[in-house]
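Let's take a walk through this protein together, with the sequence and the 3D view side by side.

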Amino acid sequence: MRAARLHEYTDEMGDALSIDDVDRPEATEGDHVVVEIEGAGWCQTDNHVIEGMWEEQMNQSLPMTLGHENAGVVAETGEDVTVVSEGDAVLCHPAMTCGVCRGCRRGQDMHCENLVFPGLSTDGGFAEYLLTNERAVVPLPDGVDLTEIAPHADAGITAYHAVKKAARELNPGEHAVVVGVGGLGHIGLQALRAMSAAEITAVDVKDEALKLAHDLGAHHTLNSRDEDVADEVDALTDGSGVEQILDFVGADETLDYAPNLLAAGGDHHVVGYGGHVHEPAQALVNGDFDYRGTLVGTYPELQELVALVAAGDVELRTSRYELDEINDVAEELERGEIEGRAVITP
Ligand SMILES: [Zn+2]
Ligand SMILES: [Zn+2]
């Protein structure tokens, strides 16, 4: 089968991956599931994998097939698999988990002590077939477009996981700020609208992103290039601040919103990454607020997100590419030129 593989870490996205002919994976263990890939989302994390940023955390050995946002049709199952059978449409939770460690038993898939992450630690889904396991596959209802839903396997679930934590803390009449209305942010905004009666303010530096936020149901929009976000939020909340911040950017500037925007006891959810938190401890004590990190999400959360998608509450903007175009996608994402989420259709 054909697979887009990384042979060497590089900063040159234009020829980062090569299309190799490799053996099709087989279900050699009882819980294995082989999925014929219909859609595999391209993620900023793929650019970071190519650059070598995940080499140590994931113990990678090259060459490796990338792609961790996968959806397709079950092609083969191990002898113990009962959740799905050949021909079923599935969305793949990005982690293959063991089910018996303490993290798994607590329902925290991402805390699995034996976690395998196809596309980051083993071969992923930029290929005709993917090897995963029974604990990872979410059966899909009829009529779901497999290419459209693929990015929810990582981008969607990560946004949803943060929103679910924020929504629990938001009562009607309270306020939330969504920072960054890009790939993850536009999913998070829709999930927040579906799960909370809070008043939502979207913040971005691009007017097109703010127009999208408005179309998707944000009550207020702020361009942080032109407006003082703290002053505007102060006016919108009569000086009381917002209860929850969902930060899909995670830059120094946006991480600095917490002490200036949050009501006492609020939370700043950090979803995007790259910046550093630099606040005096006294600001956290005085404001009684928390920074909360976000790492993907759980299997049940992916099922919940699928339910929101099936109900029409969350839609994803995608552009489709052939496997041969994969290096163009890597380059275009690096330059910020991709419309919505890029999905490879091997
Ligand atoms: Zn991803
Ligand atoms: Zn486990």
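What area is buried between domain 1 and domain 2, and what share of it do carbon and sulfur atoms give? Before you turn to the view, keep in mind that this is a predicted model. The buried area comes to about 1,600 Å², and carbon and sulfur atoms give 59% of it. The size of an interface is often given as the accessible area lost when the parts come together. On the domain 1 side, Val296, Glu301 and Arg317 lose the most area to domain 2; together these three account for 29% of what that side buries.

To place this interface, look at how the chain is divided. Domain 1 is made of two stretches, 2–154 and 296–344, while domain 2 covers 157–293. Taken over C-alpha atoms, the centres of the two domains are separated by 28 Å. Domain 1 brings 22 residues to the contact and domain 2 brings 15.

Now for the polar side of the interface. Across it there are 8 residue pairs in polar contact, both partners at pLDDT 80 or more. Two elements, α1 (44–51) and α12 (299–310), each give two or more residues to the side of domain 1 that touches domain 2. The largest share comes from α12, with 5 residues.

Side chains of opposite charge can pair when their charged atoms come close. How many salt bridges are counted between domain 1 and domain 2? The count is 1. To see such a pair, find glutamate 304 and lysine 164, whose side chains meet in a salt bridge with 3.0 Å from N to O. Glutamate 304 is partly exposed, its relative accessible area being 28%.The structure as a whole holds 12 salt bridges. One of them joins aspartate 109 to arginine 135, with the closest N and O atoms 3.4 Å apart. Aspartate 109 lies in the loop between α3 (102–105) and β7 (129–133), and arginine 135 lies in the loop between β7 and β8 (137–139). The two residues are 26 residues apart, and the pair links distant parts of the chain.

Another salt bridge brings together the side chains of arginine 320 and glutamate 148, at 3.2 Å from N to O.

To finish the tour, look for Arg5, Asp20 and Asp123. These three residues are linked in a network of salt bridges.

Definitions and conventions
Residues are numbered from 1 along each chain as its sequence is written. Chains are lettered from A and ligands numbered from 1 in the order in which they are written. This is a predicted model: local features need pLDDT of at least 70, side-chain atom pairs count only at pLDDT 80 or more; totals for chains, interfaces and linings use all residues. Side-chain values use heavy atoms; hydrogens and water are left out. Domain bounds come from an automatic or database domain assignment. Contact means heavy atoms within 4.5 Å. Buried area is the accessible area (1.4 Å probe) that two parts lose on being put together, summed over both. A salt bridge is a side-chain nitrogen of Lys or Arg within 4 Å of a carboxyl oxygen of Asp or Glu. A polar contact is a pair of N or O atoms within 3.5 Å; within protein, one must be able to donate a hydrogen and the other to accept it, and residues adjacent in sequence count only if both atoms are side-chain atoms. Helices (H or I, at least four residues) and strands (E, at least two) are DSSP runs, numbered from the N terminus. Buried means under 20% relative accessible area, exposed over 50%, partly exposed in between (1.4 Å probe, protein chains only).
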